[in-house]
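Colleague: Could you take me through the spot where the ligand sits? I'd like a close look at that part alone.

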Amino acid sequence: MGNEADGAEAGDTRKPRGINTRLAHIGHDPRSFHGFVNPPIARGSTVLFPDAGTMERRDQAYTYGTRGTPTHTALENAVNELEGSAGTILLPSGLAAVTIPLLAFAEAGGHALITDAIYNPTRRMADSLLKRFGMEVEYYDPVIGAGIERLMRPNTKIVFTEAPASNTFEMQDIPAIAAVARAHGAVTMMDNTYATPLFFKPLDHGVDISIHAATKYPAGHADILMGFVSANQRCWERLHDAHITLGCPAHPEDAYLVLRGLRTMGVRLERHQRSTLEVSRWLKGEKGVAQVLNPALPDDPHHALFARDFCGSTSVFSIVLDGTGDARRDKAKAHAFLDALKIFGLGYSWGGYESLAVHVWLGDRTVSRADYGGPVIRLQIGLEDVADLQEDLTKGLAAAARV
Ligand SMILES: *Cc1c(COP(=O)(O)O)cnc(C)c1O
């Protein structure tokens, strides 16, 4: 749905409000539903029209369930307000929020440039469906920056970015990449799941399409799958049309719950940020940790770009355990580390209230293969108390040291 005002009163001086104030009030106007603070959950396929003429013209706000409900509108308005977008679509998973825009802008005979440090299921989609639809897919080094110019071709339609990189957390020079793409008539997409629109607003940096796994921070409780895709004016119509054409709406109950999640996202992110920085800094000094991959740390090689463009950090980063020089022993070390953890769960995803750990697989990389010298473990720092998390990680490091 298209962008709307944030519900400010007439005569408001329009001084921008603080982010937590906006998160508390965006999307739904209580007066539009009998004063209830939260929007209704509108379940429905059929929507009735008052007469045949209205039905023929489809001249009303809602016409059929796949085209959205007032619950969807409330969340879409909220996301538009945060992203500064012309419109937002809601999808039943974060992965669908990647695949739908790729399908929307794919054209037979076209060329797509995709960062090599991409979320793996995005690569899977690009290497299968996109190629089958006649797109040429090329992976580029995530740190290429303005150097992407030399990879641009007359038929380049899509430049796909993700920062920081999945699992290895390299930063991308998003404004430089987006400027080159725009000069060549290509659409720039960014998977912005890490930062949320609170810490990075892609459309303000030249990106056309901002993608989120709302499953992560917006939902925040590991109980919902959802994706957001927000577009600028230039790309909105085509994106919206693809969404309607493919018929994959998010569930209204989930839209309701994700809007509820947004209300507390600011305070949750403050806590995630504080704890994650504390744990990252502490891990840097711990025995058995060879490297901490977190661009929010001032001595990280990617920190300069991070500090220039992002205004906050969130809850995921990776550590490299001391390597043994033997791949099988490294794997045993990673497993010993993970198996010793009691508070950290072993599971995918992140952005929920609970801490998680996963042994990262980097075997899919093509142009940006790097040897980290030891097993890479990705950590998500939840909302638990830092001292307890440190105690848990200490157990993991002790177990790894015994391998
Ligand atoms: C989790 C994730 C997705 C996919 O989200 P799902 O809701 O799990 O499908 C996409 N991109 C990134 C960067 C993610 O971390």
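Modeller: Let's begin with L95: one of its backbone N or O atoms is 2.8 Å from an oxygen atom of the ligand, a polar contact in the sense of a pair of N or O atoms within 3.5 Å. A polar backbone atom of G94 comes to 2.7 Å from a ligand oxygen. With D191 it's the side chain: a polar atom there lies 2.7 Å from a ligand nitrogen. On its own the ligand would expose 380 Å², and the protein buries 89% of that (Shrake-Rupley areas, 1.4 Å probe).

Keep in mind that this is a predicted model, where local features need pLDDT of at least 70 and side-chain atom pairs pLDDT 80 or more, while totals for chains, interfaces and linings use all residues. Numbering runs from 1 along each chain as its sequence is written, and side-chain values use heavy atoms, without hydrogens or water.

The shell around the ligand (residues with a heavy atom within 4 Å) also includes Y119, E162, K216 and W350. By type, the shell splits into 5 nonpolar, 4 polar (Gly counts here) and 3 charged residues.

Zooming out, the ligand sits in the largest pocket, meaning more than half of its atoms lie within 2 Å of the pocket's grid points. That pocket holds about 790 Å³ of space, taken as the volume filled by probe spheres set on the points. Its lining has 33 residues, with Y119, N120, P121, S166 and R378 nearest the centre. (A pocket is an open set of points on a 1 Å grid where a 1.4 Å probe fits, with protein on both sides within 12 Å along at least five of seven lines; lining residues have an atom within 4 Å of a point.)

Key: A polar contact is a pair of N or O atoms within 3.5 Å; within protein, one must be able to donate a hydrogen and the other to accept it, and residues adjacent in sequence count only if both atoms are side-chain atoms.
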